Amino acid sequence: MSRIKNAFNGKKAFIGFITAGDPDLEKTEEFVLEMERAGASLVELGIPFSDPIAEGPVIQDANIRALMAGCTTDKIFAMVKNLREKTQIPLVFLAYANTLYKYGYEKFCAKCNETGIDGLIIPDLPFEEKGELSDIAKEQGIDLISLIAPTSEQRIQMISKEATGFIYIVSSMGVTGVRSEIKTDIASIVNVIRSVTDIPVAVGFGINTKEQVKEYTTIADGAIVGSAIVKIISEHGKDAGKYIYDYVSGMTSVLEIK
């Protein structure tokens, strides 16, 4: 069983996101381990980028902090390789297409395989243009994770049929960030996905409370939280580990056994 598939095996999944290199890569490693200790099923690592178009101010600022601290893609790979000596938690990169294009698709995916990255989320890579990357990723055993937005409509089935790893449902229009209310009919989107595939489905963008995690993991297989965790890091810096543990522990306490 792949590590990503294992993340959804047995109980609903909590997926945490942090920006790699914020405030530094040593702390990124610590924060991943704290999330795992708190019950996270999978961790997304954002590769910092100068123009992260899907991100709101909280994660934009984290990207800037990481870049200013000297974080690079090669340094992140080295950190992941070291992290893999301590944990087998599924790890997924969230990166922007230009980062992979500049690095080289084949080289990037080979490094993911070598260091232990399980999947890729590329917010600015349209479904219709994923072919040249998806074939390379597949050869290296890397899942290219599809995003489905509220506006996907007729494209939901098409995207779902080719999905690997898990499907990321974007709960709200706009960029990432904490939201007090999510108005999208997530259940309807999940029903359409379920009509063509049994691949796990996780919901993200805006989720930040235990109540939201419980609600959306009742509908889907997992919940993704990013901005709320990144905000903890912005507030506590290198001392954020214990606060991340406490926050994630609260989120995972409401997860149901399948």
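P23 sits in the loop between β1 and α2, where helices (H or I, at least four residues) and strands (E, at least two) are DSSP runs, numbered from the N terminus. The peptide bond that leads from D22 into P23 is cis, with omega near 0 degrees. A word on the ground rules: this is a predicted model, in which local features need pLDDT of at least 70 and side-chain atom pairs count only at pLDDT 80 or more, while totals for chains, interfaces and linings use all residues. Residues are numbered from 1 along each chain as its sequence is written, and side-chain values use heavy atoms, with hydrogens and water left out.

F205 belongs to the loop between β8 (201-204) and α10 (210-219). For background, most residues other than glycine have a negative phi, and most peptide bonds are trans.

Next come the helix pairs. Helix α2 (residues 25-37) and helix α12 (residues 241-252) have axes that come within 8 Å and cross at roughly 30 degrees; axes are lines fitted to C-alpha atoms, for helices over the stretch in contact, and angles run from 0 to 180 degrees between N-to-C directions. α2 and α12 are therefore roughly parallel to each other (angles under 35 degrees count as roughly parallel, over 145 as roughly antiparallel, 65 to 115 as roughly perpendicular and the rest as oblique). Their crossing is right-handed; a crossing is left-handed if the near helix is turned anticlockwise from the far one by less than a right angle, and right-handed if clockwise. On the α2 side, E30, F31, E34, M35 and R37 meet G241, I244, Y245 and V248 of α12, contact meaning heavy atoms within 4.5 Å. Sorted by class, this contact of α2 with α12 has five nonpolar, one polar and three charged residues (Ala, Val, Leu, Ile, Met, Phe, Trp, Tyr, Cys and Pro count as nonpolar, Asp, Glu, Lys and Arg as charged, and the others, Gly among them, as polar).

With α3 and helix α11 (residues 227-236), the axes come within 9 Å and cross at roughly 50 degrees. α3 and α11 are therefore oblique to each other, and their crossing is left-handed. V58, I59, A62 and R65 of α3 meet S227, V230, K231 and S234 of α11, which gives four nonpolar, two polar and two charged residues.

Helix α6 (residues 105-115) packs against helix α7 (residues 131-139) at an angle of about 35 degrees, their axes 9 Å apart. Here the crossing is right-handed. Y105, E106 and C109 of α6 make the contact with E132, L133, I136 and A137 of α7; five of these residues are nonpolar, none polar and two charged.

On a 1 Å grid over the protein atoms alone, a cavity is a set of points where a 1.4 Å probe fits but cannot get out, and lining residues have an atom within 4 Å of a point. The second largest cavity has a volume of about 50 Å³, a volume being the space filled by probe spheres set on the points, with grid points joined across faces, edges and corners. Its lining consists of F17, T19, G46, I47, P52, E55, I59, N63, L94 and Y96, and β1 (13-19) and α3 (57-68) each supply at least two of the lining residues. Six of the lining residues are nonpolar, three polar and one charged.

Note on methods
1 Å grid on protein atoms, 1.4 Å probe; cavity = no way out; pocket = protein on both sides within 12 Å on 5 of 7 lines; lining within 4 Å.
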